[in-house]
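Please open the model in your viewer and keep the selection panel at hand. The stops below are taken one after another, each with something to select and a short account of what is there.

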Amino acid sequence: MAPAPLLLAGGRGWQRLLGPQAELLVLGPRGSRRGLLGSQVAQKGLQVLGPQRGSVGSLAGPRRLQVLAPQRRIGGSLVAQKGPKVLLPQRGLLGSQVAQRELQTLGPQRGSLGPQRELPLQGLSRGFAKVARPRSSREVREAEDSAPVFQYVGERSKRKDRVFVWGFCNAGALGIPSFVKPDAGWKKRRRIQPTPYRLDTAEKISSAACGYGFTLISSKTTDITKVWGMGLNKDSQLGFQRSRKDQTKGYEYVLEPSPIPLPLDAPQETRILQVSCGRAHSLILTDKEGVFSMGNNSYGQCGRKVTEGEMYSESHLIHRLREFDGRVVQIVCGQDHSLFRTERGEVYSCGWGADGQTGLGHYNITSAPTKLGGDVAGVNIIQVATYGDSCLAVSDEGDLFGWGNSEYMQLASITETTQVNVPRHLPFEIGKVKDAACGGTGSAVVNEEGHVFVWGYGILGKGPNLMETATPEMIPPTLFGSTDFSPDTRVSRVRCGLGQFAALNDRGELFVWGKNIRGCLGIGRMEDQYFPWRVTIPGEVVDVACGVDHMVTLVKSFV
């Protein structure tokens with residue numbers, strides 16, 4: 001069958017066409033020519049005055065082409081027309097990619113083969129071969145919430161202090177109300193937040209602590225409001241949080257950071273230095289007015305006399321501790337006991353002592369802060385650490401001391417018993433200790449060279465083959481960011497929750513490992529982490545607090 005005649009006229013000539021050729025008639029500046037079909041059609045400045053049939057090829061790229069009559073079966077893997085105006089129906093565009101630019105289609109187009117069939121090209125945006133359907137209002141809101149926010153940074157801009165939280169949401173410990181009670185019909189209740197989420201705070205937060213399902217944060221501001229709490233409050237560990245519906249009642253769950261009023265003598269002069277949380281009690285350290293405690297006092301952990309049958313729910317009582325010889329400079333809550341360090345380097349304790357965690361030489365409860373003896377007597381202690389029922393202390397000379405529970409080999413280097421009720425020197429040959437942390441079953445320290453050592457029981461950070469050890473094992477520095485390109489990178493501090501560890505290096509990077517209870521590691525997945533893993537946070541991490549199933553970080557923005 002003879003090919004249909006075609007008349008082509010153009011002022012810029014024609015280009016060489018490769019492949020099998022059919023009968024075509026082209027009128028150009030050099031006269032008429034035939035046979036312009038092939039594997040490449042790249043005509044520039046031509047005018048098609050008659051029908052063209054059967055143009056087959058892998059590339060059809062006419063530029064500035066005006067089609068005045070039907071054009072059929074332009075085939076190929078790429079159709080990239082720039083600026084043509086189609087005035088009549090065009091059928092049979094074959095190919096896996098249709099990237100028409102500035103194309104106006106005035107008639108229907110059918111049979112486009114590839115990922116989609118029967119696609120009308122009316123309304124296509126630049127570079128797309130799919131017609132965008134109108135989005136619902138719900139989809140628009142979801143897109144806006146998930147879209148990144150870009151801001152231009154001025155030359156005089158200052159780095160901002162921010163707070164990031166992650167882990168278990170149900171009790172409100174993360175301080176994000178919409179996680180527990182969605183504020184829009186299209187939002188779903190969130191049980192776990194597996195990655196860092198920014199918590200908006202009006203003030204610069206200087207200290208944070210995670211308890212068993214609740215959180216305390218504080219600022220060094222001189223404003224009247226200095227401390228905020230969120231999460232579980234069944235024992236008034238967040239103070240009395242008055243109900244909005246009934247002024248005589250208090251909330252047992254606090255879903256957002258709520259002010260905790262302290263009985264300060266000079267509220268506009270006193271600053272908060274530190275907060276700490278235990279299983280159901282809290283401690284607050286000030287610069288001028290000492291230490292305040294609140295919450296459950298069943299074992300004297302709040303430093304006051306135990307009252308038989310006392311109701312802790314909806315309690316207004318915030319106790320001020322005064323039983324110290326010198327100013328307190330550090331507070332630490334264990335599960336049901338409390339430790340205090342003074343500026344003289346002395347250590348005091350109170351609370352539950354069944355595992356020897358008070359370090360007072362007995363296994364009874366103690367309701368008044370009492371100074372420790374044993375191997376720490378006369379030693380200048382610069383740090384104390386606890387979270388479960390085991391305790392560590394670091395001296396100014398880099399020596400390490402321990403007492404309390406040893407069921408998980410925390411103190412197996414000095415005793416075969418499971419409890420130690422008096423501070424003992426731990427004869428570890430790991431160099432001078434600079435920072436220490438105690439968890440529920442494991443312990444960690446950092447020496448002056450920035451090396452991390454772990455011991456005890458559980459996921460210790462050296463893989464699944466190391467689950468218990470009585471002597472410290474060093475985790476390779478390369479797992480904390482030390483490389484040939486940055487050999488001076490060192491770990492500066494370590495933290496422990498009940499079953500997880502955290503370490504900060506001097507570049508502001510946070511690494512976590514251990515039991516990933518309810519997503520408390522913030523690594524975006526729910527599996528346990530057997531080696532240190534860097535948490536992705538948009539900023540330089542300044543400090544971190546670990547809880548049972550959630551964590552809080554204080555971060556300074558990059559810009």
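Begin by selecting Lys204, Lys220, Arg271 and Lys288, which together form a positive surface patch. Patch members have over 30% relative accessible area and no salt bridge, with like charges joined within 9 Å; the areas come from the Shrake-Rupley method with a 1.4 Å probe. Lys and Arg count as positive, and the place of the charge is taken as NZ of Lys or CZ of Arg. This is a predicted model, in which local features need pLDDT of at least 70 and side-chain atom pairs count only at pLDDT 80 or more, while totals for chains, interfaces and linings use all residues. Residues are numbered from 1 along each chain as its sequence is written, and side-chain values use heavy atoms, with hydrogens and water left out.

Stay on Lys204, which lies in the loop between β15 (192-199) and β16 (207-210); strands here are DSSP runs of E with at least two residues, numbered from the N terminus.

Next, which residue meets Arg320 in a salt bridge? Glu289 does, at 3.8 Å from N to O, a salt bridge being a side-chain nitrogen of Lys or Arg within 4 Å of a carboxyl oxygen of Asp or Glu. The pair links distant parts of the chain, 31 residues apart, with Arg320 in strand β23 (residues 319-321) and Glu289 in the loop between β21 (281-286) and β22 (291-295). The structure holds 21 salt bridges.

Finally, select the open sheet of four strands ordered β28-β29-β30-β31, whose pairing is antiparallel. Strand β30 (residues 400-405) is joined to β31 by four bridges, and Gly402 stands opposite Arg424 in β31.

Definitions and conventions:
Pairing = 2+ DSSP bridges. Patch = residues over 30% accessible without salt bridge, like charges linked within 9 Å, V, L, I, M, F, W, Y side chains within 5 Å.
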